[in-house]
Amino acid sequence: MTNIVQVAELSITNSEDELLLENINFNVVKGEICQLAGLSDFQYDVLFNLLYGKLKPDSGQIVLTGRNIVRIKNKKRDELLKEKISFIPKDFTLPRKKTIKDTLEFKLTILGQKYERDQRIEEVMRDLLINDLAGYRPKEMNHPERVKAILGVALINDPQLLIYQNPFNDLNAQQEKEILATLIDLVESSGLTVFLLTNELKSNQSSIRTIEV
Amino acid sequence: MQTSLYLIKEFNKLLTKKSLVKTLAAVLFLLAFIGLIYVLLVPKQQPLSVTPTFERFPKGHNTVAQIKTGLSNEEINELYLSLRRLESVESLFLVLSKEIKEGLLQLPSELPGNSDIFLLKTPDRESLLNELRQQPQITMITTLSKKNLNTSSPNNLPGWAKITLLIIAVGLAGLVFYLVKSTTKDVLDSWQGEIQIVKYSGLSRLSIKLPLLLFGSLVGLIGSILSLVLLFALSRWAHSGIWLSNHLATLESNTQLLILSVWSILLGVVVGLLSSLFSIREVDKKWNVNSLDI
């Protein structure tokens, strides 16, 4: 089993020397859906920014898809973001004036993908069961549909790892279960790894591993 | 580069009618700003001052042609005869540099005082200018309107008027800043989702800033080009009596136009660019919306 996320002895303090995260250790295995529980909302914010590379820890290491994010240069990190890792921060908003199809096309275009865009968009929308919503704008969709659309944006460039902070916020247990089922299918068919930064999931999912820190 | 071009196109798509009106207003204010700066800073042609002796000459000799220095008397004589033969010349007088030095005639500032000149009368000013331009021994042509002889130049504006104009110019520049900033803010407000996608796709924030900088520079460029078109048109209608046009009579026929063009375009682009630089902070705010500073 290959670890796609390795966090070891991770500690960080703020400018007033208050300990924000202390000696955090965990691994995420390639091809699984994993939930990290046991942190406060603010600590999740800190961890998300550490994983994204915006914050540097005082000690410890973070290895994502084989690269140490702590020591990596911004240019290399950007390459990882383009090719291998997708981040969804909490409160991620979809472009207001674009349809879902246009949004997915927007991301593929800025990433420089010239060929078979339509095919890829169709594939992702089908996998996420939102192919009927191609011409819809965010305000024309309900919340679960928007969450699926956000997942579509994150997955359109076929990443190996998806890191999602505070997912499924404001969804009820049934809606969350449906989206997770879609994600589980995706993980099984594509080899994607999903890492969820959230305290608790409303629905019980045996196929999701929970890490307590 | 391709991504930047695509984002510029995307930026333009988000310009609503309201934003376009603001952009147009910014261009017009910039045009007025450059016009005022021109009135205040660019040296104007001095009006011809006529001595009592000179007033004895027949009226209407309001075209001044500077003769190349270093010509012999014979060459000047030949030039005089060849100009007399021109259809567009009704009559002409030779005024020698020593006569100018003696105070017979005070020349406009752009004509050096050590040159001999011809004063010409014409029924067809356009043809005369065209024909004189083909004379290699004529180095500069100045046409004076009747207004020149009677009205004062803006250079003679009193201090308070200059200060008022300067305050208005600064106000106009401020309005350009505000309008460009407000337009880019409007676009950025509806671009939050796109900015997040760009950020988490591993692209730099310069990809977002570039269209904004280009937008500001473009507003400046269009404003300055329009101001030049206006100044050029006024110089063409120099005899129409429009204020300012009186001071632009020589613009076509000397290097002032080129210098003015370069300065106007530079001024416009710099003001536009600075306006968009002011609005770039908005990008940083939107960019860092999910980021944590501890």
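This is a predicted model: local features need pLDDT of at least 70, side-chain atom pairs count only at pLDDT 80 or more; totals for chains, interfaces and linings use all residues.

Visitor: Which residues have the most contacts inside the largest nonpolar core?

Guide: A:Leu162 is one of them, along with A:Leu51, A:Ile150 and A:Ile163 from chain A, and B:Leu30, B:Phe33 and B:Val176 from chain B. That core has 96 residues.

Visitor: Okay, and which helix gives the most to this core?

Guide: That's helix α2 of chain B, residues 17-41, with nine residues.

Visitor: Switching to chain A helices. How do α3 and α5 cross?

Guide: In chain A, the axes of α3 (residues 100-110) and α5 (residues 143-155) come within 9 Å, crossing at roughly 20 degrees. Angles under 35 degrees count as roughly parallel, so that is what α3(A) is to α5(A). The crossing is right-handed.

Visitor: Which residues meet there?

Guide: From α3(A) you get A:Ile100, A:Thr103, A:Leu104 and A:Lys107, and from α5(A) they meet A:Ala149, A:Gly152 and A:Val153. By type, this contact has four nonpolar residues, two polar and one charged.

Visitor: Now chain B. How many helices and strands does chain B have?

Guide: Ten helices and six strands. Chain B has 294 residues, and 34% of them are buried.

Visitor: And what share of chain B's contacts join residues at least 24 apart?

Guide: It's 85%, counting contacts in chain B between residues at least 6 apart in sequence.

Visitor: Last topic, the two chains together. How many residues of chain B are in contact with chain A?

Guide: On the chain B side it's 18 residues, and they are in contact with 28 residues of chain A.

Visitor: Which elements of chain B give two or more residues to that side?

Guide: Those are α1 (2-13) and α8 (192-200) of chain B. Of the elements there, α8(B) gives the most, with seven residues.

Notes:
Residues are numbered from 1 along each chain as its sequence is written. Chains are lettered from A and ligands numbered from 1 in the order in which they are written. Axes are lines fitted to C-alpha atoms, for helices over the stretch in contact, and angles run from 0 to 180 degrees between N-to-C directions. Helices (H or I, at least four residues) and strands (E, at least two) are DSSP runs, numbered from the N terminus. Angles under 35 degrees count as roughly parallel, over 145 as roughly antiparallel, 65 to 115 as roughly perpendicular and the rest as oblique. A crossing is left-handed if the near helix is turned anticlockwise from the far one by less than a right angle, and right-handed if clockwise. Two residues are in contact if their C-beta atoms, placed from the backbone, lie within 7 Å. Ala, Val, Leu, Ile, Met, Phe, Trp, Tyr, Cys and Pro count as nonpolar, Asp, Glu, Lys and Arg as charged, and the others, Gly among them, as polar. A nonpolar core is a set of buried Ala, Val, Leu, Ile, Met, Phe, Trp, Tyr and Cys residues joined through C-beta atoms within 7 Å. A residue is buried if 20 or more other C-beta atoms lie within 10 Å of its own, exposed if 12 or fewer, and partly exposed in between; C-beta atoms are placed from the backbone.
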